[in-house]
Amino acid sequence: MKKLILASALTLCSISASAEVAVIVNASNTSNLDADTIKKIYLGKSKSFDNGAKVNPVNQNGNSVADEFNDKVVGKSSSQLNAYWSKLVFTGKGTPPEKLDNDQAVLDFVAANNDAIGYVDSAKVNDSVKVVGKF
Amino acid sequence: MKKLSVAVAVCAALVSSYTSAEVRINGFASIVGGKSLDSDSTLYGYDDNISFKNESVFALQLSADLQDKLSATAQIVARGDNDFDAEFEWAYVTYEFSDELQLSAGKMRVPFYRYSDFIDVGYAYRWVRPPQSVYNIPFSTYEGLSLLHNTQLGDWDSTLQVIYGGFDGEIDAVSANDKAELNNFAGINWTMSRDWLSLRAAYLVAETSFELDSNDSTGAALNGLEDILRASNLTSLADDIAIDEDNSTFIGLGFSIDYNDILFDAEYTQLEVENSILAEQSQYYASVGYRLDDVIIHFTYEDNDDKHDSSRFDKIQAIPSLNAAVNGALEGVRAQSNVYTIGARYDFHPSAAFKIDFSRFEDDITDTETDVIAVGIDLVF
């Protein structure tokens with residue numbers, strides 16, 4: 001029993017020490033983005049940056065970075081998020097952000113597109129993109 | 001024919017766009033099995049034999065961004081209770097004037113209720129089926145226009161929709177196959193949401209005509225009564241039985257709360273087709289739920305009350321037999337019932353949910369009860 005408790009304590013530690021998520025935009029993007037705006041972008045409620053340019057958000061595909069981001073920034077579980085988007089998709093009211101497979105794909109996409117926003121494990125961030133928030 | 005042409009036009013738009021646009025395919029499905037626990041009464045289409053067909057649905061949606069700000073969408077739905085024959089239930093094109101304003105034209109859902117737009121997408125709500133005492137209008141689509149305005153008002157998200165169009169088709173309302181036609185069908189609905197609270201109000205009007213099926217016993221009886229009244233020169237009474245270009249109004253009010261894993265929803269609706277055999281209807285439901293990680297348990301109470309105002313009775317006391325026949329017809333459409341549903345939803349997969357609902361329907365007029373149990377799996381893909 002004690003071992004089990006120790007094991008679960010360790011698991012908890014490893015979760016709380018898990019990767020910090022960095023929200024990134026193209027290096028040329030000068031928009032101000034706070035957590036609330038990022039959440040609105042990822043829920044399809046905000047569709048443009050404050051300079052008026054259309055925002056092009058990308059998600060990650062069901063991995064731990066995505067779970068972390070959904071939990072900390074969007075505040076919904078992946079099931080709740082799926083239910084949320086199904087209400088919009090099947091009524092023509094919105095389209096969820098495209099899903100990319102991993103951090104590198106997001107870094108490449110954001111570096112290549114002026115209007116992009118994405119999120120990656122903050123340890124993976126490089127100079128090709130600009131960090132607008134860490135969660 | 002008209003409906004087909006809308007569908008074909010949207011398909012043509014989807015197909016012709018393949019060189020320049022990305023076509024997205026999404027879908028949803030519900031596989032539901034259920035049965036009535038009573039051998040002599042049916043509810044939601046279930047008798048005492050288990051059916052996996054009755055409430056199962058499979059749907060595919062194709063959408064294409066044609067070019068700047070223009071998109072085309074078609075949703076093909078196959079229903080078990082229609083032998084899984086695939087039909088276009090949505091087929092429309094949308095033009096986005098801005099981030100906040102879009103106009104759609106084609107075949108779409110009528111926004112009667114809070115869950116109308118995604119009524120078939122079981123994954124989007126907690127019940128096996130939305131409360132049927134309220135969700136009881138026997139058609140759900142229209143052909144026409146929809147103007148949608150989304151904006152932020154302070155901390156509130158506001159969604160305002162205005163629709164205009166018409167509906168014609170066969171529905172199961174008075175007789176089994178009423179030929180229904182709704183013209184000048186117009187409506188407005190407004191949803192305001194903020195954090196854990198969402199409020200909605202809807203108002204729709206139409207000019208409604210039904211041609212009742214004479215092969216159906218109710219249809220034949222009402223058509224016969226109308227004919228006798230006309231033959232007796234009781235034109236205005238005959239007009240009050242007929243459903244012919246009658247002004248109709250629908251009012252819907254609702255709210256939902258999702259606070260600290262406590263869920264609370266309610267909707268109230270009222271429907272009137274003036275000067276017709278159709279009774280004035282008012283119904284509501286209230287539903288509470290509790291979310292425990294991936295499981296939601298819920299309880300729902302529904303109430304339905306359909307009746308004619310007392311002023312509609314005893315109009316021709318000079319002719320007792322006819323008076324009794326009219327009274328009988330008016331009384332015949334009366335309905336009063338309650339439903340209690342207890343159920344659970346389990347999100348066992350990021351794109352799939354398992355559900356089980358037990359519902360008890362109480363008919364206050366016949367003083368009978370019917371129990372139905374249903375289990376289902378809802379998917380989105």
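Strands S7(B) and S8 (residues 178–194) of chain B run antiparallel and are joined by 14 bridges. Strands count as paired if DSSP finds at least two bridges between them. Helices (H or I, at least four residues) and strands (E, at least two) are DSSP runs, numbered from the N terminus. The model is predicted: local features need pLDDT of at least 70, side-chain atom pairs count only at pLDDT 80 or more, and totals for chains, interfaces and linings use all residues. Residues are numbered from 1 along each chain as its sequence is written, while chains are lettered from A and ligands numbered from 1 in the order in which they are written.

A hairpin of 6 residues connects S7(B) to S8(B). The bridge partner of B:Asp157 in S8(B) is B:Ser193. S7 (residues 156–171) also pairs with strand S6 (residues 141–153) of chain B, in the antiparallel sense, over 11 bridges. Here B:Ser146 stands opposite B:Ile163 of S7(B). The hairpin of S6(B) and S7(B) has 2 residues between the strands, and B:Gly154 takes a positive phi near 60 degrees in it.

Chain B contains 4 helices and 16 strands in total. Its radius of gyration, taken over C-alpha atoms, is 22 Å, close to the 21 Å that the globule rule gives for 381 residues, so chain B is as compact as a globular protein of that length. The rule is 2.2 Å times the number of residues to the power 0.38. The C-alpha trace of chain B spans about 70 × 45 × 45 Å along its principal axes. Of its 381 residues, 35% count as buried. A residue is buried if 20 or more other C-beta atoms, placed from the backbone, lie within 10 Å of its own, exposed if 12 or fewer, and partly exposed in between. Contacts require C-beta atoms within 7 Å. Among contacts in chain B between residues at least 6 apart in sequence, 57% join residues at least 24 apart.

The largest nonpolar core has 67 residues. Such a core is a set of buried Ala, Val, Leu, Ile, Met, Phe, Trp, Tyr and Cys residues joined through C-beta atoms within 7 Å. B:Phe28, B:Val121, B:Tyr123 and B:Ile241 have the most contacts inside it. Leaving aside residues up to four places away in sequence, B:Ile241 touches B:Leu222, B:Leu225, B:Glu226, B:Leu229, B:Ile277 and B:Ala329. A second, separate core of 20 residues includes A:Ile24, A:Phe69, A:Val106 and A:Val110.

In helix H5 (residues 103–112) of chain A, A:Asp103, A:Val106 and A:Val110 are buried. They lie on the same side of H5(A), because they cover an arc of only 65 degrees around the axis, taken from the directions from the helix axis to the C-beta atoms. A:Gln104 and A:Ala112, on the other side of H5(A), are exposed.

Two residues other than glycine in chain B have a positive phi near 50 degrees: B:Tyr44 and B:Glu245. B:Tyr44 is found in the loop between S1 and strand S2 (57–67). B:Tyr44 counts as buried because it has 20 C-beta neighbours inside 10 Å. B:Glu245 is found in the loop between helix H3 (235–241) and strand S10 (246–259). With 14 other C-beta atoms within 10 Å, B:Glu245 is partly exposed.

The contact between the chains takes 20 residues from chain B and 14 residues from chain A.

Conventions:
Contact = placed C-beta atoms within 7 Å.
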